[in-house]
Amino acid sequence: MRVLLLLLSVVPSTVLAAEPPAATRPVFSATESAPETGTRLRKDVGRTSLYPLDKPWQRFSEEEKARVRELYEDMQPGDEPPFPARGMQPVLEMLSRVMGAAGKRGLVHLEMTVDAEGKTTTFKIYEMPDLDTAKYVAAVFNATKFKPAVCAGKPCRMDFPFKVRIHLE
């Protein structure tokens with residue numbers, strides 16, 4: 001069974017600033033880093049993102065970082081949001097495997113708090129196909145090391161919103 005994750009946004013509508021028109025926004029996607037055993041084809045693991053899925057925050061261009069910062073309200077110049085330390089692609093690959101094995105699909109919309117050490121501490125679930133899916137997604141993010149947010153030059157606690165639609169193919 002093949003799973004396709006459609007990354008809808010990094011932040012919920014309550015934190016979104018005005019987005020640029022779709023024609024001016026770059027769109028990024030990602031495929032798994034290695035194909036499954038028995039095939040040479042790498043599956044899509046993420047599509048339709050406003051930022052690169054295959055790079056960690058430190059490798060983002062200043063333009064890409066600015067695009068992510070603009071999604072947060074009250075993000076001060078020089079501040080940074082939390083972000084998976086190895087980028088989103090490993091997270092999406094893990095979600096793809098877990099959700100595919102469980103046969104889960106639907107909208108996954110949550111927000112997690114990332115502490116100053118880069119660990120997830122709490123989750124707010126906005127929408128999930130079911131309780132099992134919430135547990136799978138939380139386990140994936142609990143296993144993910146984050147680059148902590150930076151506030152006034154120091155690591156700080158900040159929320160990391162996540163929204164994705166899971167399709168089975």
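What share of the 169 residues of the protein chain counts as buried? In this predicted model the figure is 48%, where buried means under 20% relative accessible area, exposed over 50% and partly exposed in between, with a 1.4 Å probe and protein chains only. Because the model is predicted, local features need pLDDT of at least 70 and side-chain atom pairs count only at pLDDT 80 or more, whereas totals for chains, interfaces and linings use all residues. Residues are numbered from 1 along each chain as its sequence is written, and side-chain values use heavy atoms, with hydrogens and water left out.

The protein chain has 3 helices and 10 strands; helices (H or I, at least four residues) and strands (E, at least two) are DSSP runs numbered from the N terminus. Along the sequence these elements follow the order β-β-β-α-β-α-β-β-α-β-β-β-β. The accessible surface comes to about 8,700 Å², with 52% of it belonging to carbon and sulfur atoms, as given by the Shrake-Rupley method with a 1.4 Å probe; for residues, only the protein chains shown count as cover.

We turn next to the interior. In soluble globular proteins, nonpolar side chains tend to be buried together. A nonpolar core is here a set of buried Ala, Val, Leu, Ile, Met, Phe, Trp, Tyr and Cys residues joined through side-chain atoms within 4.5 Å. The largest such core has 32 residues, of which Met-88, Met-112, Phe-141, Phe-160 and Phe-162 touch the most other members. Helix 2 (88-102), strand 5 (106-114), helix 3 (131-142) and strand 10 (158-168) each supply at least two residues of this core. Leaving aside residues up to four places away in sequence, Phe-160 touches several residues, including Tyr-72, Pro-82, Met-88, Leu-110, Met-112 and Phe-141.

Strand 5 also has a partner in strand 6 (residues 120-127): the two run antiparallel and are joined by 6 bridges, two strands being paired if DSSP finds at least two bridges between them. Leu-110 stands opposite Ile-125 in strand 6. The two strands form a hairpin with 5 residues between them, and Gly-118 in the turn has a positive phi of about 90°.

A salt bridge is a side-chain nitrogen of Lys or Arg within 4 Å of a carboxyl oxygen of Asp or Glu, and the whole structure holds 6 of them. One of these joins Lys-124 and Glu-111 at 3.5 Å, N to O. This pair links distant parts of the chain, with Lys-124 in strand 6 and Glu-111 in strand 5, 13 residues apart. Lys-124 is partly exposed at 42% relative accessibility, while Glu-111 is buried at 7%. Together with Asp-159, Glu-111 and Lys-124 are linked in a network of salt bridges.

Helix 1 (residues 62-69) holds the pair Glu-62 and Lys-65, which lie 3 residues apart and so are separated by about one helical turn. Glu-63 and Arg-67 meet in a salt bridge of 3.4 Å, N to O; here Glu-63 is exposed at 56% and Arg-67 is buried at 13%.

Finally, there is 1 disulfide, a pair of cysteine sulfur atoms within 2.5 Å. This disulfide joins Cys-151 to Cys-156 with an S to S distance of 2.0 Å, and the link is right-handed, with 55° about the S-S bond. Cys-151 is partly exposed at 25% relative accessibility, whereas Cys-156 is buried at 12%.

Methods: Contact means heavy atoms within 4.5 Å.
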